[in-house]
Amino acid sequence: MASRLAKELLTKMTLEEKVSQLLQLAAPFYDEIKDDGEITGPMEELGITDAHVSGSGSVLGVSGAENVIALQNKHLENSRLGIPLLVMADIVHGFKTIFPIPLAIGCSWDMELAEASAEIAAKEAAVSGVHVTFAPMVDLVRDPRWGRVMESTGEDPYLNSLFARAFVRGFQGQDLASEKHRVAACVKHFAAYGLAEGGREYNTVDLSERQLREYYLPAYKAALDEGCEMVMTSFNTVEGIPASGNKKLMRDLLREEWGFEGVLISDWAAIKEMIAHGVAEGEEEAALKAIEAGVDIEMMTPCYVHHLPQLVQEGRVDEALIDEAVLRILELKEKLGLFEEPHRGADPEAEAQLVFSAAHREVARELAVKSSVLLKNEGGLLPLDPGQKVALIGPFAASGDILGWWSWQGSKEKAAQLGTAMQQASAQASNVVIAQGCQIESISEAEVQEAEAAAKAADVIILALGESSEMSGEGASRSDIRLPEAQLELVRRISLLGKPLAIVLFNGRPLDLHGVYDEADALLEAWYPGSEGGAAVADLLYGKANPSGRLSMSFPHTVGQIPVYYNHFNTGRPLSEASSEERYISKYLDIPNEPLLPFGYGLSYTSFAYGELVLSSDSLTAENPLTASVKVTNTGSLTGEETVQLYVRDITGEVVRPMKELKGFRKVRLTPGESAEITFEINEPLLRYYHSDLSYKSDPGRFELFIGPNSRDAAKGSFQLVR
Ligand code: GLC
């Protein structure tokens, strides 16, 4: 329901002023901050007038308390009705204190820390003048060729939904009006951007509405149920229509069915790109389709400002559609308190104290520790002994490029580098000798020989390898997801020495680990661990922390296996041990069906044993749930954290059902010898799914449940759902 202030303002606005409120521009259009902004999309001549700029409703990609204060003051001077500017930016996993990329945070399975990271990001951004963040990105991902998997928390709708909620809580807090150190969140990209064909950026998406609802929509809905203020459209088509002009998706589902009354913003140029998609003859038709779909803000293209006034005057667009969009934008400005305090949280002094503070970096370090995943540790090579002689070799041995793609305010120069951190963590700095070995994508004989010399003198070799941040993120799809050949050559050369070899990976996607996994005795996935990444990895390598991360996205055997994900269907000719030699079976001739490393997988420096799976009953009803319990024991010599995972399988559905679905998990910290009884409640709502008629309900019948350390190695039980 629009507020009185918004309604009163609306009555005073001219049609031109209303339409200008729907325009969002990047920094270069505002003289005060011309060179201080972040450009995150294609720039072209827009045909924007000064009047459009002074009447624009929001700006993206700027920050800096003094910058934003100056911009807002100038904007208000030029605004006939004193309407403040909304300042939006991509604060995806940190502002200046950069946290691990969301795909890494997804491997932490730690909602509290995820929320804490968003709260800190919001605080740093708010004192720097930002009002809205274009996050969380909750696109479900199953194709690591796509560069933006780094921005998602992974392949599971349930886990993604929990993270979506945690991020929204952290960004927005409980009351945006009173909490000036929070920002409004904008969940993206609605919808199903992660299903781009071939993992190729901006490529076609096509899926059934049932799949859309079962897998791709839950995390967006979770963000909105948590109170997320904004939604961003995705670039892709959904059922043949680009999201930004898709009335069924935006009007019928988002606004009518879900009751979303917040602001819907297009992604960068996504409205005008309906022309390239081939569903709009020109800007006019693009504007028409988008406003009818209920898109309130047009980011960085001029279709609205160039054509909506005339479309209204010609009676082809009802001015009421413009009014509702303007009201939603004014409402958000009011909710943020911008009419009373146009500068909101912008505060140069607070900015100087809070941003990139030691306290914030400490949280970043803890989250980077929790987000790293130990993928292999033959013979207990790790943790290192501080007295060991270590050769640290590779392009990430002394690199600050560990922040990831969406870290535009982060400082690579200030990032904690692995080499320095290891020298500080070892008994004496000289125990750790650093050698480049190769570049990200090139290698020289001189570099290799220097590395070999260091390796020969060491007890243990650590190779720090990975992708440059340019090889990941938006616009960075890769058809070959192995490490670059130069780095594989370095692995080959160093492996010839026959010394204990651990490899640490800094990357933004599950990789094809050919040339890495078999060659390493130990393998630690650090992702892009953020501002404190090197320190966190050193903590793990020297055992100051025990790895606890669990994969939230599968690692394929090879790119040819993609898409490969844990919650797959059985097919009519499933591969099994009994059928593996048969020809006419769903399998490959050259690789297994299962991924190299499954969803939920991760090792610890200690070990955990699972006792018998005990069910309270062999059946449940809607009124009487059952419980499933298992005793977990730390059977190793170090304290460690286990993530006990619960999966369910519906044996027979009205539509085919996945082999497993994550339905719960518990993180439990156990000292050596300590046990814990982990109990899950299995109730009827957990068993509901979308039927072919899109009804969401459960069916009576047989189910299996699995409790274990990952989606592959889990004890199985069975039960009936009876009416
Ligand atoms: C980019 C991204 C989107 C981002 C927006 C503004 O193209 O797709 O995630 O929020 O533009 O930078």
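Me: Before anything else, what counts as a helix or a strand here?
Reply: Helices are DSSP runs of H or I with at least four residues, strands are runs of E with at least two, and both are numbered from the N terminus. Keep in mind that this is a predicted model.

Me: Okay, so how many helices and strands does the protein chain have?
Reply: There are 20 helices and 27 strands in the protein chain.

Me: And what radius of gyration does the chain have?
Reply: It comes to 26 Å. A compact globule of 723 residues would be near 27 Å, so the two agree. If you box up the C-alpha atoms along the principal axes, you get roughly 75 × 65 × 45 Å.

Me: Switching to the ligand. Where does it sit?
Reply: You'll find the ligand in the largest cavity.

Me: How many residues surround it, and which are the closest?
Reply: The ligand has 13 residues around it, and the closest are T40, D90, R148, H189 and D267.

Me: How does that shell divide into nonpolar, polar and charged?
Reply: Six residues of the shell are nonpolar, two are polar and five are charged.

Me: What about T40, how far is its side chain from the ligand?
Reply: One polar side-chain atom of T40 is 2.4 Å from a ligand oxygen. H189 also puts a polar side-chain atom 2.6 Å from an oxygen atom of the ligand, and for D267 the distance from a polar side-chain atom to a ligand oxygen is 2.6 Å.

Me: How much of the ligand's accessible area does the protein cover?
Reply: The protein covers 99% of the 310 Å² that the ligand has on its own.

Me: What about the bond from I562 to P563, cis or trans?
Reply: That peptide bond is cis, with omega near 0°. P563 belongs to the loop between α20 (533-541) and β17 (608-610).

Me: Last one: what's the phi of M300?
Reply: M300 isn't a glycine, yet its phi is positive, about 60°. You can find M300 in the loop between β10 (298-299) and α13 (303-313).

Key: Residues numbered from 1 in each chain as written. Predicted model: local features only at pLDDT ≥ 70, side-chain atom pairs only at ≥ 80, totals over all residues. Heavy atoms only, no water. Near = heavy atom within 4 Å. Polar contact = N/O pair within 3.5 Å; in protein donor to acceptor, adjacent residues only side chain to side chain. Areas by Shrake-Rupley, 256 points an atom, 1.4 Å probe, with all protein chains shown as cover. 1 Å grid on protein atoms, 1.4 Å probe; cavity = no way out; pocket = protein on both sides within 12 Å on 5 of 7 lines; lining within 4 Å. Sits in = over half its atoms within 2 Å of the grid points. Nonpolar A, V, L, I, M, F, W, Y, C, P; charged D, E, K, R; others polar. Rg over C-alpha atoms; globule rule 2.2 N^0.38 Å.
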